Amino acid sequence: MKLYYKPGACSLAPHIVACEAGLAVDLVPVDLARKTLEDGGDFFAVNPNGYVPALDIGEGPVLTEASVVVQYLADRKPESGLMPAAGTTARYRVQQWLAFVSTELHKQFSPLFKPNTPDATKDIQRELLAKRFAFVNGALEGRTYLTGEQFTAADAYAFTVLRWANAMKLDMSAFPNIARFMAAANARPGVAQALSEEGLA
Ligand SMILES: N[C@@H](CCC(=O)N[C@@H](CS)C(=O)NCC(=O)O)C(=O)O
């Protein structure tokens, strides 16, 4: 399998899942600004939407959408516990978090990265994110990870996205449970491996 990625972007989530699951994945860096690969190849030819993560699974078009790519990888190693079995309530809980991280965190951060987003819009996004952080902080009360003591694909995605708060200089001092969550995830060997392989350690 080949994972098209950019260091520290949302593609870090499937990279973490692969490392946590002990899956061998070839990393292919993408220049997202130019939409090119290292050999000058056109990234649009890989993913017509021009975004990472994109996972070459050896059949058909690349698999995209972070919340789905992490599930695909986790399901290659069910014994990892990264995704509970299909049809169980536990799986729906992890999927609920994956959808939340994708739509309520990841995509609410996105305007903050764009140089042409008006400042007023950025302020609105920061306010909304603070509400979502408060929810996550509350959900983490008395537990290490989002669904309990088991690190899941949703935790990998949440860790990836919440890392951006520092880069965006968001005040996270009101969310101590998130700080604990980040520290716990950061201390995991699989997470450390992915960060190191992306030059982020
Ligand atoms: N819908 C996609 C969005 C992925 C996404 O936003 N990727 C960002 C990096 S975190 C990206 O590649 N942005 C470059 C672009 O959209 O041009 C998903 O859920 O995976």
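Q: Why are α4 and α7 called roughly perpendicular to each other?
A: In this predicted model, helix α4 (residues 119–139) and helix α7 (residues 176–186) pack at an angle of about 70 degrees. Angles of 65 to 115 degrees count as roughly perpendicular. The pair is therefore roughly perpendicular. Their axes lie 7 Å apart.

Q: Which residues of α4 and α7 meet?
A: From α4 come F133, V136 and N137. From α7 come P176, N177 and I178. By class, that contact divides into 4 nonpolar, 2 polar and no charged residues.

Q: Is the crossing of α4 and α7 left-handed or right-handed?
A: α4 passes α7 in a left-handed crossing.

Q: Which residues of α1 and α2 are in contact?
A: A13, P14, V17 and A18 of α1 meet V69, V70, L73 and A74 of α2. The classes come out as 8 nonpolar, no polar and no charged.

Q: Which hand does the crossing of α1 and α8 have, and which residues make the contact?
A: The crossing is right-handed. α1 supplies L12, H15, I16, C19 and E20. α8 supplies G190, V191, Q193, A194, L195 and E197. The contact of α1 with α8 holds 6 nonpolar, 3 polar and 2 charged residues.

Q: How do you know that β1 and β2 pair?
A: Pairing needs at least two bridges. Strand β1 (residues 2–5) and strand β2 (residues 26–31) are joined by 4 bridges and run parallel. One example is Y5, whose bridge partner in β2 is P29. Between these strands the chain passes through helix α1, and the β-α-β crossover is right-handed.

Q: What makes β1 and β4 a pair?
A: At least two bridges are needed, and β1 and β4 have 3, in the antiparallel sense. The bridge partner of L3 in β4 is L55.

Q: How do you know that β2 pairs with β3, and β4 with β5?
A: The cut-off is at least two bridges. β2 and strand β3 (residues 36–37) have 2 bridges and are antiparallel. D31 has T36 as its bridge partner in β3. Strand β4 (residues 54–56) and β5 are also joined by 2 bridges, and they run antiparallel. A54 stands opposite T64 in β5.

Q: What is the strand order, and why are β3 and β5 the edges?
A: The sheet is open, with 5 strands in the order β3-β2-β1-β4-β5. β3 and β5 (63–64) each have a single partner strand, so one side of each lacks a neighbour in the sheet.

Q: What makes the pairing in this sheet mixed?
A: The pairing is mixed across the 5 strands. β1 and β2 run parallel. β1 and β4, in contrast, pair antiparallel.

Q: What makes K35 stand out?
A: Phi of K35 is near 60 degrees, a positive value in a residue other than glycine. Most residues other than glycine have a negative phi. K35 lies in the loop between β2 and β3. That hairpin has 4 residues between the strands.

Q: What kind of peptide bond joins V52 and P53, and how do you know?
A: The bond is cis, with omega about 0 degrees. Most peptide bonds are trans. P53 sits in the loop between β3 and β4.

Definitions and conventions:
Residues are numbered from 1 along each chain as its sequence is written. This is a predicted model: local features need pLDDT of at least 70, side-chain atom pairs count only at pLDDT 80 or more; totals for chains, interfaces and linings use all residues. Side-chain values use heavy atoms; hydrogens and water are left out. A crossover is right-handed if, with the strands pointing away from the viewer, the path from the first strand over the helix to the second runs clockwise. Axes are lines fitted to C-alpha atoms, for helices over the stretch in contact, and angles run from 0 to 180 degrees between N-to-C directions. Angles under 35 degrees count as roughly parallel, over 145 as roughly antiparallel, 65 to 115 as roughly perpendicular and the rest as oblique. A crossing is left-handed if the near helix is turned anticlockwise from the far one by less than a right angle, and right-handed if clockwise. Contact means heavy atoms within 4.5 Å. Ala, Val, Leu, Ile, Met, Phe, Trp, Tyr, Cys and Pro count as nonpolar, Asp, Glu, Lys and Arg as charged, and the others, Gly among them, as polar.
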